[in-house]
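Dear colleague,

Please find below the sequence and structure that I am handing over to you.

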Amino acid sequence: MERSSRPAAGLTNSDRSAPDGARSKARPPRYGGGLRTLSISTVIAMAVALGLVFFYAPLEEEQGFLQKIFYVHVPLAIVALCGFVLGGLLAIQHLRTRDPRWDMRSYVVIHMSLIFALGTLITGSIWAKGSWGHWWVWSEPELVSFLIIFLLYATYQPLRFAIEDPERQSRYASVFAITAGAFVPLNYLAVNETTAYLHPRVFGSTSNLPASMAFTLLVSLVAIALLFATLCKYELTAKHARAQVRALRRRIAGDAYDAPARGRSAAPAGLPPDMGGAPVGGAPLQPVAGIGAHAAGRSA
Amino acid sequence: MSSVEQAHTGAPAAGEPANAPGTASAARQTGLWRTVGALLRKELLVELRTLESVPGMSLFALSTFVVFHFALNRGSVEGDLAAGVLWVTLLFAAMLGVNRLFVADADQGGFDAFLLAPVDRSAMFIAKALTLLAYLVVLELVAVPAFGLLLLGAPFGPALPGLIVSLALADVGIAAVGTLVAALAVQTRARDLLGPLLALPLLVPIVIGGSRASAPALVQAHQAAPAARWLLTLGLYDLVFGLIAYAVFDFLLED
Amino acid sequence: MAALEVEGLTRRYGERDALSDVWLTLEQGQTLVVFGPNGAGKTTLLRVLATLLRPHEGRVRVLGSELPEQSWAVRGRVGVLAHEPLLYRELTARENLRFHARLHGVSEERVELLLAAVALDARADEPLRTLSRGMVQRAAIARCVLHQPELLLLDEPYANLDPAAVELVAPLIGSAAEVGAASGGRSSGGTAGVSAAEASGADQRARPTRVVCSHDPGGGLAEADVVLGLRAGRPALLRAADQVDPAEIVELYR
């Protein structure tokens with residue numbers, strides 16, 4: 001009985017990802033593509049935004065120069081929130097398709113959003129100190145709900161780290177990401193309901209902002225969003241490169257390859273083997289003795 | 001042989017071909033509610049035999065009230081402060097129940113046994129959430145009167161129904177989220193730590209809704225019914241998270 | 001239709017392959033014995049066939065149903081005996097079996113029948129944690145065959161059992177030598193000395209297909225129709241049992 005050289009359709013990840021017609025010589029998709037363009041656009045956008053913030057946007061009367069931190073704080077907040085929700089959406093894709101690459105994307109996006117959320121809290125705290133004299137105020141619902149969300153997502157990596165089985169780790173992380181992603185808007189609503197306002201909310205009153213401020217804010221938002229995208233892409237590319245190196249090592253060493261103890265890791269393991277240059281559609285790495293007689297199972 | 005004949009269902013006789021691929025004739029499924037019933041009976045039996053969860057939660061709540069008395073240095077509390085003490089205590093006691101919810105199943109192969117059976121897998125979530133809900137109700141039956149006795153300045157008056165409604169709504173939310181978090185945490189290495197760490201932020205809206213809703217009921221002078229918006233918050237949370245937890249839970253079971 | 005058809009099954013664990021490119025076919029009523037050192041993938045294979053793990057690559061058809069899309073059609077027709085008994089220690093044997101009976105839609109009489117067949121009826125009302133390992137193993141075997149599965153997946157079924165217990169349970173898990181003798185004794189009826197043949201009702205009609213993991217070359221070979229040897233997740237040996245030399249099996253463990 002002939003053993004077919006390709007795995008049955010529907011059950012392998014490589015089927016979905018390999019470019020058409022490339023089964024015989026699988027070209028791993030290029031993950032670094034577009035990175036340079038993205039980085040350059042980010043640098044330009046940030047430069048423009050900084051210029052606008054310092055030289056174009058008017059000085060606000062009440063809060064003075066410190067108010068300019070608002071152009072960093074608000075975009076950071078918006079991008080982080082969108083990032084968390086995006087992480088949840090990517091996780092839904094992962095659970096639907098079982099493709100580990102979605103889990104990788106979800107992980108990177110959430111991980112980056114957590115950093116941006118920390119930035120939000122820090123800049124928010126500085127702003128609070130400057131505006132109201134306290135390092136922390138409970139009266140700003142965005143800040144408060146951010147604290148709660150930060151505390152929630154801070155458990156994401158410990159959760160992953162605490163699960164050894166890589167597939168279970170990805171699956172559980174996705175469940176968490178979906179639940180937490182749904183939690184973000186609900187939490188905001190609840191905190192909003194219960195928080196007394198001290199100041200008119202800046203975000204809500206964008207319509208009251210003078211055009212120059214609104215424009216600067218928009219440019220800052222674009223710059224920070226690009227920064228987020230670039231950093232995520234960097235991290236994804238780096239992880240894929242590392243996974244490819246591991247796959248190549250495995251291929252060279254054949255069966256003698258002993259996976260180095262990666263130790264437990266919170267990050268997803270990476271690409272399925274076929275993605276990283278392991279032979280696709282070729283012979284298995286080691287000829288298996290005695291297999292030709294699996295037909296004997298029938299005749300016995 | 002008759003009893004065996006009765007018990008015999010589904011396996012083909014010798015010489016009969018087994019089912020063609022794709023047919024469901026031999027795949028009889030045990031109905032959802034029958035499975036939930038079987039699981040609930042098992043839960044009840046295990047809990048009665050071990051008394052692991054409910055007595056611990058209740059005693060913990062009582063001890064916490066005593067601790068609060070000394071920590072706050074007050075003989076009685078009312079209004080917002082009372083609501084805070086009550087809800088924090090209930091929440092932390094609930095964490096104890098959450099921690100223990102899946103331990104027996106995880107350690108003794110209960111998951112595998114369930115996964116091998118021809119059952120609707122949603123039954124596990126429903127059964128466990130109902131179990132946790134039951135634990136919470138029993139906890140509150142003990143803790144709330146105790147609270148009234150030990151720490152509350154005002155007796156529970158006409159606003160008691162309002163308090164009960166907010167407790168009930170909150171319990172549903174805690175049960176849904178608690179079950180999900182319990183299943184997430186139980187198969188990790190730091191299960192007792194991760195459970196509360198995951199659950200507490202997720203349950204903040206419950207704390208908000210619950211304490212704001214019940215604070216008016218806990219004042220000395222004129223007790224008031226809970227404001228509708230807080231009950232609505234609780235209700236909305238229950239709906240959203242009940243559905244989400246139900247939807248994603250099965251992904252925690254399978255491999 | 002074959003009971004088991006496995007083509008190119010691969011199951012990964014992170015970047016390692018727990019099972020790699022496994023091919024085998026097993027007809028109904030046959031017994032496959034799987035040998036291999038610890039970590040070779042025997043338990044993984046069993047778990048995939050039990051629908052507890054999904055294949056990452058390849059095709060698996062169990063009792064005609066494709067895994068994992070049609071796993072639901074297979075559950076309830078497969079009986080699994082694992083390393084753990086899959087029973088709650090705080091509950092009694094009777095309570096445990098009744099719980100499983102309810103999950104599988106099996107009657108209580110069958111529970112009683114099996115309790116007698118594994119000679120646990122005397123101690124069926126004591127919590128499992130008070131019973132010896134051998135008794136717990138017998139209870140696990142009762143759980144395994146409770147719903148008269150067409151396919152048995154047994155992971156070292158005779159572990160923890162003394163020879164008397166082995167004789168007791170062998171017909172329940174479809175050991176070839178016993179079935180013929182047992183069917184001769186079933187006409188004697190009555191509840192005294194319930195014969196294992198009565199309890200293993202399905203055996204009367206069709207021998208269950210079995211996949212057995214074993215570390216015992218001698219005993220394992222005797223029961224086998226087909227032998228599969230696994231090493232590091234790969235099939236190193238797959239042959240009809242009568243063509244296999246015990247020495248080759250020992251070689252696997254080298």
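**Findings**

In chain B, 48% of the 255 residues are buried (a residue is buried if 20 or more other C-beta atoms lie within 10 Å of its own, exposed if 12 or fewer, and partly exposed in between, with C-beta atoms placed from the backbone).

Please keep in mind that this is a predicted model, in which local features need pLDDT of at least 70 and side-chain atom pairs count only at pLDDT 80 or more, while totals for chains, interfaces and linings use all residues. Residues are numbered from 1 along each chain as its sequence is written, and chains are lettered from A and ligands numbered from 1 in the order in which they are written.

**Chains B and A**

The confidence of the predictor in each residue is given as pLDDT, from 0 to 100. Chain B has a mean pLDDT of 85, and 87% of its residues reach 70 or more. Over residues 1-26 of chain B, however, pLDDT stays under 50, and the model has 47 contacts beyond four places in sequence for that stretch (two residues are in contact if their C-beta atoms, placed from the backbone, lie within 7 Å).

Chain B contains 11 helices and zero strands; helices (H or I, at least four residues) and strands (E, at least two) are DSSP runs, numbered from the N terminus. Among contacts in chain B between residues at least 6 apart in sequence, 83% join residues at least 24 apart.

Chain A has nine helices and zero strands. Of its 300 residues, 41% count as buried. For contacts in chain A between residues at least 6 apart in sequence, 83% join residues at least 24 apart.

Two packed helices are described by the angle between their axes and the distance between the axes. In chain A, helix α3 (residues 70-97) packs with helix α4 (residues 100-132) at an angle of about 160 degrees, and their axes are 7 Å apart. α3(A) is therefore roughly antiparallel to α4(A). Here axes are lines fitted to C-alpha atoms, for helices over the stretch in contact, and angles run from 0 to 180 degrees between N-to-C directions; angles under 35 degrees count as roughly parallel, over 145 as roughly antiparallel, 65 to 115 as roughly perpendicular and the rest as oblique.

**Chain C**

Helix α5 of chain C covers residues 133-145. Its 13 residues should span 18 Å at 1.5 Å a residue, which agrees with the 19 Å between its end C-alpha atoms (the expected span is 1.5 Å times one less than the number of residues). Because 11 of the 13 residues of α5(C) are buried, this helix is largely enclosed by the rest of the structure. Among those buried residues are C:Met135, C:Arg138 and C:Cys144. The buried residues of α5(C) pack against β6 (78-81), α3 (93-104), α4 (108-117), β7 and α6 of chain C.

Most residues other than glycine have a negative phi, and most peptide bonds are trans. Which residues are joined by a cis peptide bond? They are C:Leu67 and C:Pro68, with omega about -5 degrees. C:Pro68 is placed in the loop between β5 (65-67) and α2 (71-74) of chain C.

C:Leu63, which is not a glycine, has a positive phi of about 50 degrees. This residue lies in the loop between β4 (57-62) and β5 of chain C. C:Leu63 counts as buried, because it has 26 C-beta neighbours inside 10 Å.

C:Glu156 also has a positive phi, near 50 degrees. C:Glu156 is found in the loop between β7 (151-155) and α6 (163-169) of chain C. With 18 C-beta neighbours inside 10 Å, C:Glu156 counts as partly exposed.

Yours sincerely
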